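Please look through the structure shown below before reading on.

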Amino acid sequence: MEIWLIAVIIMLGIMAAKIAEFYKLPRVVPLLLAGIFLNFIGMSSSAIVGESLVPLFQLALALVLFHAGLTAKLDEFKDLWKAILSLATIQIVFFTIIAGILINAILGLPFPVSLLLGALLSPADPIVTLSILKAGDIKVKREISITAEGAAAFNDATAIVLCLSLIHI
């Protein structure tokens, strides 16, 4: 049954990508909708999916995390590296602390747990926004696009390091 689930998930991913191409949408839009659908029908439950799919999920996470880095043109980043570095590191740490304080105050969770949740929520991914703008033929300044792509290439990695560090504290 687990092989069947893997096949369904892969087929839904392929179908979502084809739908995105047809409607000239960023691929992430139908993929998110497919993920919401799978969750809604209960296919994301660990009881149904099982532990044997963890490697597939880890592979998918690695592909998502490193896609921007693999497709980035590093020579374009050289003039904007300060902005990219600050967005990918200082911003993540700053928003982790702010979110942690707010989560602690509003939900009353222990502060270390609030910080961990803040670290999970802090990386914003501007690539989705840029993709939607580009799909709508809205012009974006090249410097803004390069800075957003550079930050996206590194901010998830920063958040992962921060989350793992907080888990081990």
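A salt bridge is a side-chain nitrogen of Lys or Arg within 4 Å of a carboxyl oxygen of Asp or Glu. This is a predicted model, in which local features need pLDDT of at least 70 and side-chain atom pairs count only at pLDDT 80 or more, while totals for chains, interfaces and linings use all residues. Residues are numbered from 1 along each chain as its sequence is written, and side-chain values use heavy atoms, with hydrogens and water left out.

The structure holds one salt bridge, and Glu-21 forms it with Lys-18, the closest N and O atoms being 4.0 Å apart. Because Glu-21 and Lys-18 are three residues apart in helix 1 (residues 2-23), they are separated by about one helical turn; helices here are DSSP runs of H or I with at least four residues, numbered from the N terminus. Glu-21 has 43% relative accessibility and counts as partly exposed, where buried means under 20% relative accessible area, exposed over 50%, and partly exposed in between, with a 1.4 Å probe and protein chains only.

Turning to the aromatic rings, a search of the whole structure finds two pairs, a pair being rings of Phe, Tyr or Trp (its six-membered ring) whose centres lie within 6.5 Å, with planes under 30 degrees apart counted as stacked, over 60 as edge-to-face and the rest as tilted. The rings of Phe-22 and Tyr-23 have centres 4.9 Å apart and planes at 90 degrees, so this pair is edge-to-face. Phe-22 is exposed at 63% relative accessible area, and Tyr-23 is exposed at 55%. The rings of Phe-94 and Phe-95, with centres 5.3 Å apart and planes at 75 degrees, are also edge-to-face.

Phe-94 and Phe-95 belong as well to a nonpolar surface patch of about 610 Å², together with Ile-98, Leu-102, Ile-106 and Leu-107. Such a patch joins nonpolar side chains (Val, Leu, Ile, Met, Phe, Trp, Tyr) within 5 Å, from residues with over 30% relative accessible area and no salt bridge. Leu-102 is found in helix 6 (residues 81-107) and is partly exposed at 46%.

For the interior, a nonpolar core is a set of buried Ala, Val, Leu, Ile, Met, Phe, Trp, Tyr and Cys residues joined through side-chain atoms within 4.5 Å. The largest one has seven residues, namely Ile-92, Leu-115, Ala-119, Ala-159, Leu-162, Cys-163 and Leu-166. Helix 7 (111-121) and helix 9 (142-167) each supply at least two of its residues, and helix 9 gives the most, with four.

Conventions. Patch = residues over 30% accessible without salt bridge, like charges linked within 9 Å, V, L, I, M, F, W, Y side chains within 5 Å. Areas by Shrake-Rupley, 256 points an atom, 1.4 Å probe, with all protein chains shown as cover.
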